[in-house]
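Please look over the sequence and the model shown here, and then follow the account of a pocket and of some charged contacts.

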Amino acid sequence: MVKKYFKAIRVNNLVLLSLLFWGLMLHNYSEDFSFKVDHLLLFVSVIITTASGYLINNYYDLNSDQINNKNIKDLSKTFYRNCYLLHLLSSLLILFISDLSPGWLNLVVITHVLVFLYSLKLQHLPIIGNLVVAFLCSVVLVIPYLLSGRFWELENFNLSENLNQIFIIFCFLLTMKREIVKDMEDIQGDLKTGSYTLPIVIGQKFSKVLLGILVLISIGFLSICVSESIQNIQNIFFFLTMISLLVTFLYKTYQSFEKSDFKTLSDLLKINFLAAGIWLYILL
């Protein structure tokens, strides 16, 4: 049962998110901003909130997941509902016992509302559901920056000077691509359950065109960052790795027609996330 629970909360995705979160936290720590237990409590609350999103999504997607062969055997709606409520209460309780500003509690509550609305309705709408997930991913990565007491500033695209902001933008674009790929992978179940995801509305062919456009935007964004960043070995390694993975993804996209092909595309984007997270620690 424990193994099935970890599968239900997408533990691999949580590990990737944790890798990026703490990588950015370590880069923000300085003489004026050091580790506090409250930082750990906020992180745990955020991770539990993310896990709750997967659980409530599984609750509402049970029929669709059965059609797409993604259903986890022996896990019922009752299990997902009870686990979701437990995660919801736990994420809020952790913040209550911390000394963090009430603003962080408000952020987590708003996140829970968005996650619930996404699972209930927004995921079935074209683009809107994809944008919500990409936005929520970006919110997690902006937390290290906000904790350090700074507000959003992006005067240039120098990786050394604006690491946090560049990662937020890049991960937003990666998440958008992954959400569209996931919709393409799940199209059969979504069709039979009345969803209106992007591949259903505009077709897989035009969805792949949109994916290609997003890849080119990502490569263009990284190219601007290359031109404005210091050309040291660490930065060159980062940009070459990210752009190479994106080019590979673009090539694979136009060769993808089957469900297994879209699973490969999703895995490629996870590798992109993983490589970006590992680079943060190499840079330290």
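**A pocket and a salt-bridge network**

The lining of the second largest pocket is made up, by class, of five nonpolar, seven polar and four charged residues, where Ala, Val, Leu, Ile, Met, Phe, Trp, Tyr, Cys and Pro count as nonpolar, Asp, Glu, Lys and Arg as charged, and the others, Gly among them, as polar. This is a predicted model, in which local features need pLDDT of at least 70 and side-chain atom pairs count only at pLDDT 80 or more, while totals for chains, interfaces and linings use all residues. Residues are numbered from 1 along each chain as its sequence is written, and side-chain values use heavy atoms, with hydrogens and water left out.

The structure also holds five salt bridges, each defined as a side-chain nitrogen of Lys or Arg within 4 Å of a carboxyl oxygen of Asp or Glu. Lys70, Glu185 and Asp186 are linked in a network of such bridges. The side chains of Lys70 and Glu185 meet at 3.8 Å, N to O; Lys70 lies in the loop between helix 4 (62–67) and helix 5 (77–96) and Glu185 in helix 8, so the pair ties together parts that are 115 residues apart in sequence. Helices here are DSSP runs (H or I, at least four residues), numbered from the N terminus. The side chains of Asp186 and Lys70 meet at 2.8 Å, N to O.

Because its relative accessible area is 10%, Glu185 is buried, a term that means under 20%, with exposed meaning over 50% and partly exposed in between (1.4 Å probe, protein chains only). Asp186 counts as buried at 10% relative accessibility, whereas Lys70, at 30%, counts as partly exposed.

Terms used
Helix = DSSP H or I, 4+ residues; strand = E, 2+ residues; numbered from the N terminus.
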